[in-house]
Amino acid sequence: RCLMKYDRIYNFSAGPSILPEEVLESVRDNLMNYEGSGMCVMEMSHRSKVFQKIIDEAEQDLRDLMNIPDNYKVLFIQGGATLQFAMIPMNLMKNGVACYIDTGAWSSKAIKEAKKYGEVIVAASSKDKNYSYIPDCSDLDIPDDADYVYICENETIHGVTWQKLPNTKGKILVSDQSSMFLSKPCNVSDYGMIYGGVQKNIGPAGMVICIVREDLIRDASELPVWVPTYCAYSTHANNGSMYNTPNCWSIYVCGQVFKYLKRIGGLEVMNQRNIDKAKVMYDFLDQSKMFNGTVDKEFRSLMNIPFVTESAELDAEVVAATKAAGFDNLKGHKSVGGLRASIYNAMPKEGVEALVRFLSEFEANYKK
Ligand code: PMP
């Protein structure tokens, strides 16, 4: 079994997923009485001074970490990343046309939803090879009236990631960073909007963080009347993400994770750790005769690593063996099968090394 504190196990879940232990400890220590307020953050009015400080600091710490320029709003919204599949076309489609790049399950879902609100042009797709690569997007056919170009920058299920952003021919780029948020430095000015559900790299489920360039935020009065008040970015931007009761608990824990990331030295440090960690897993897969990575090397994700054996039966056997040994959630997504190790920011390198040791032994013993 793994030797983690509190008898915890190595959790390879794709989300909700592992969080830094020192953050969980700090949350525990402040659970009954948050910093002398006499109450838990869960019990606190979102209109209180104490909570206002929590949300203000969370936003500022995120701005510091990502170097977010002043002309971008940071919005904390509920409905997960999924609601953004609808809010993006509702808010950003002025001409009613947008280009989407189809690179896996999550961009496909976004495409399906956007079609409800306007014309969707799939400008490139990697569906032909089961989403195992990122298509060449250096010279896309983008119509003049396209409102934006949309990508999912890290496909959580298929394990592909963008190394070079698409040439959008001057259109704004919208990126779903859910499963890579804060995993490496990011030049926010390259995007019109970045968003991500927080339940992978950042905090408790039930919230999405949207970073939106101010000039793209149209007033609710300029949007079609059928757009729900909650779904207008201006509603959140004009009310400090507190038009209604926000997900206070998630904002608080995310804020603690931002402080943790600042303490360890920021996103450059995190990126190097993620590169080193993923290398352990990929080096293993590259030499293994039993386990094979499913993604073209150039586009491999540092966060989600899908792999397969020769059969679904053996995949299932390995999943059961890993679980019994204290490594959880290695079953691949039901839509693709196989196995998947999600090794987000909070997964220690030792966790990946321990998994690799276990898989190596499994392979060695299996041959005997
Ligand atoms: N986009 C990506 C890349 C995801 O991985 C997920 C969730 N796994 C979503 C969107 C949907 O997120 P949510 O469950 O927060 O709606």
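Helix α2 (residues 49-66) is followed by Asn67, a residue whose phi is positive, near 55°. The model is a predicted one, in which local features need pLDDT of at least 70 and side-chain atom pairs count only at pLDDT 80 or more, while totals for chains, interfaces and linings use all residues. Residues are numbered from 1 along each chain as its sequence is written, and side-chain values use heavy atoms, with hydrogens and water left out.

Helices (H or I, at least four residues) and strands (E, at least two) are DSSP runs numbered from the N terminus. Helix α2 has 18 residues and reaches 26 Å from its first C-alpha to its last, close to the 26 Å expected at 1.5 Å a residue, where the expected span is 1.5 Å times one less than the number of residues. Its buried residues (under 20% relative accessible area, with exposed over 50% and partly exposed in between, for a 1.4 Å probe and protein chains only) are Phe51, Ile54, Ile55, Ala58, Asp61, Leu62, Arg63, Leu65 and Met66. The elements that cover these buried residues of α2 include β2 (72-77), β7 (193-197), β8 (208-213), α6 and α7.

Helix α6 (residues 248-264) has 17 residues that should span 24 Å at 1.5 Å a residue, and its end C-alpha atoms are 25 Å apart, which agrees. Of the 17 residues of α6, 13 are buried, so that the helix is mostly covered. After α6 comes Gly265, whose phi is positive, near 115°. The axes of α6 and helix α7 (residues 267-287), which are lines fitted to C-alpha atoms over the stretch in contact, with angles from 0 to 180 degrees between N-to-C directions, come within 7 Å and cross at roughly 85°. That makes α6 roughly perpendicular to α7, a label for angles of 65 to 115 degrees, whereas those under 35 count as roughly parallel, those over 145 as roughly antiparallel and the rest as oblique. The contact (heavy atoms within 4.5 Å) is made by Tyr260, Leu261 and Ile264 of α6 and by Leu267, Val269, Met270 and Arg273 of α7.

Thr156 lies in the loop between β5 (148-152) and β6 (172-176), and Thr156 is buried because its relative accessible area is 5%. Leaving aside neighbours within four places in sequence, Thr156 is in contact with Ala14, Trp106, Ser179, Lys200, Asn304, Arg340 and Tyr344. Asp296, in the loop between β9 (292-293) and β10 (304-308), counts as partly exposed because its relative accessibility is 36%.
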